[in-house]
Amino acid sequence: MNITVIGAGYVGLVAACCLADSGNRVVCVEADDDKLALLGQGKAPIREEGIDQMLDRCLQKGSLSFQQRIPRPVASELAVVAVGTPSLPDGATDLSSIHQVVRGLRDSTDGKLTLLMKSTVPPGTGLRLMRRYLDGTDISYVSNPEFLREGQAVKDWYHPSRIVIGTNDAEAGDMVSGLYEGIDAPKLVTSITSAETIKYAANAFLATKISFINEIANLCEAVGARVDDVSRGIGLDPRIGPDFLNAGLGYGGSCFPKDTRALNLSALSNGYDFRLLKSTIEVNGKQAIMAVRKMNSLLNGLDGRDIALLGLSFKPDTDDIRESPALNIASLLCEHDVKLRVYDPVAMANARQLLPEEVIMAPDLYTATEGAQGVILATEWSEFFKADWARIRKSMSAPCVILDGRNALSQEKIEALGFRYAGTGR
Ligand code: UGA
């Protein structure tokens, strides 16, 4: 099939590469000059497992090409929209790129086209876009939300837990279903608004699971229980399940924070007060503040202290720092007279522009921690598990505190090396 993919970000580029690698001819549209220049040289502007090899393969085969504008006319049967839908300052979704692209596709299409919406848009958006731009055209609209996790997106594309197809046009639905031929996953065909809601409900549920276990972890500290055991004890119940029960600094990234805020506002603007979701958001916001408070009390005050912050990306195996709890911690620490050194295996360049100027970017883990009185582990990179903590202990200054923001290190081993250890709910 001939396919146009609009947007070469974390979702669009993965979709473009996977579709091109599965026998389709794909034109991927990317408006950003810098990203386009990199793609032109066969380099991915994002860090995603397996994407560089795929990009290389598809460019060699000629099944994938890049351009800056939507082709006129659109020479494909299918257009996949995967542009960003960031948060506005009030938490609502900025749909300006979506409007621009849907309008652009309408203006560039004479014949039949299926528009597949992969971008995350609030419930009701698809129907509004259809009314506003597509009435009277031969363009069909399908909502086909993505459930890709950053860092594992290529794997998730080929092994999804489900494929959701929201449409009121059976023929267009079949075309989208055909894209996933050979992929073994349940297919769920729904209305457009239900498909949009599934996307938000999935992210809101996972975010709520994280905030729930963080609340339990905070309770564990109050009553003297250990959250690791509690997580395992509840996660073994198949109705609860073991995933997303890791307590710590809370969720970040380009999805959960934005999508929970947007769903909350969408509920409010439709006359519903989604109180559980509000609490999820509030609890998540508190975790980083509580970590800084904990460090404050462990070090007997933060002023004049030398602290290392390890991990800046919102989770391991990505260079994405959007809404990373680590950045909040850095800003909160910088409100005090702290000498702060930070280190991340891949996200240093992305983080520099968002960190307070006085933060020192360390070239490696050992330079970051040398002489520090306290270390905060904010992202559970495997490099940190494998580190020589005995060496780090020797190079640090008293009282040698480790605040493990992801409950990722072995408390017993760390304490045996002479550190003072604190986790969340441990
Ligand atoms: C998330 C969803 O998992 C994907 O299914 C979805 O497609 C994607 O958002 C999206 O909407 O595009 P992602 O943002 O890549 O994917 O990250 P996750 O792996 O879900 O982690 C999100 C955050 O939750 C991270 O900051 C992680 O550290 C945190 N987390 C996760 C916890 O604090 N505890 C856990 O137990 C699990």
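This is a predicted model: local features need pLDDT of at least 70, side-chain atom pairs count only at pLDDT 80 or more; totals for chains, interfaces and linings use all residues.

Me: Which side chain has an N or O atom 2.7 Å from an oxygen atom of the ligand?

Reply: That is Asn 203. A polar side-chain atom of Lys 199 also lies 2.6 Å from an oxygen atom of the ligand. The backbone takes part as well: a polar backbone atom of Gly 252 is 3.0 Å from a ligand oxygen.

Me: How much of the ligand does the protein bury?

Reply: The protein buries 91% of the 720 Å² that the ligand exposes when taken alone.

Me: Which elements give two or more residues to the shell around the ligand?

Reply: They are α8 (192-223) and α10 (256-269). Helix α8 gives the most, with 3 residues. In total, 20 residues surround the ligand. The closest are Glu 146, Leu 148, Glu 150, Lys 199 and Asn 203.

Me: How do I follow the pairing from strand to strand?

Reply: Two strands pair if at least two bridges are found between them. Strand β1 (residues 2-6) pairs with β2 (residues 25-29) over 5 bridges, in the parallel sense. There, Ile 6 stands opposite Val 29. Strand β1 also runs parallel to β4, joined by 4 bridges. In β4, the bridge partner of Ile 6 is Val 81.

Me: Which strand do 4 bridges join to β4 (residues 78-81) besides β1?

Reply: Strand β5, again running parallel. Leu 78 has Thr 114 as its bridge partner in β5. Val 80 stands opposite Leu 116.

Me: How do I tell what the two faces of a strand are doing?

Reply: In a regular strand the side chains alternate between the two faces of the sheet. Then check burial, which means under 20% relative accessible area. In β4, Leu 78 and Val 80 are on one side, Ala 79 and Val 81 are on the other, and all are buried. In β5, Leu 113, Leu 115 and Met 117 are buried on one side, as are Thr 114 and Leu 116 on the other. That makes 5 of the 5 residues of β5 buried.

Me: How covered is helix α1 (residues 12-21)?

Reply: Mostly: 9 of its 10 residues are buried. Among them are Leu 13, Val 14, Cys 17, Cys 18 and Leu 19. Gly 23 follows α1 and has a positive phi, near 100°.

Me: What is the strand order in the sheet of 6 strands?

Reply: The order is β11-β10-β9-β12-β13-β14, in an open sheet with parallel pairing. The edges are β11 (360-361) and β14 (420-422); each has a single partner strand, so one side of each lacks a neighbour in the sheet. Within the sheet, 5 bridges join β9 (residues 306-310) to β10 (residues 339-343). Ala 308 stands opposite Arg 341 in β10.

Me: Which helices lie across β9 and β12?

Reply: Helix α11 (residues 275-298) lies across β9, β12 (374-377), β13 (401-404) and β14. It runs at about 165° to β13. Helix α12 (residues 325-334) lies across β9, β10 and β12, at about 170° to β9.

Me: One last residue. Is Lys 413 buried or exposed?

Reply: Lys 413 counts as exposed because its relative accessibility is 62%, and the cut-off is over 50%. Lys 413 is found in helix α17 (residues 411-416). Its C-alpha atom is 9.9 Å from that of Ala 390, 23 residues apart along the chain.

Conventions. Residues are numbered from 1 along each chain as its sequence is written. Side-chain values use heavy atoms; hydrogens and water are left out. Contact means heavy atoms within 4.5 Å. Axes are lines fitted to C-alpha atoms, for helices over the stretch in contact, and angles run from 0 to 180 degrees between N-to-C directions. Buried means under 20% relative accessible area, exposed over 50%, partly exposed in between (1.4 Å probe, protein chains only). A residue is near a molecule or strand if one of its heavy atoms lies within 4 Å of it. A polar contact is a pair of N or O atoms within 3.5 Å; within protein, one must be able to donate a hydrogen and the other to accept it, and residues adjacent in sequence count only if both atoms are side-chain atoms. Accessible areas come from the Shrake-Rupley method with a 1.4 Å probe; for residues, only the protein chains shown count as cover.
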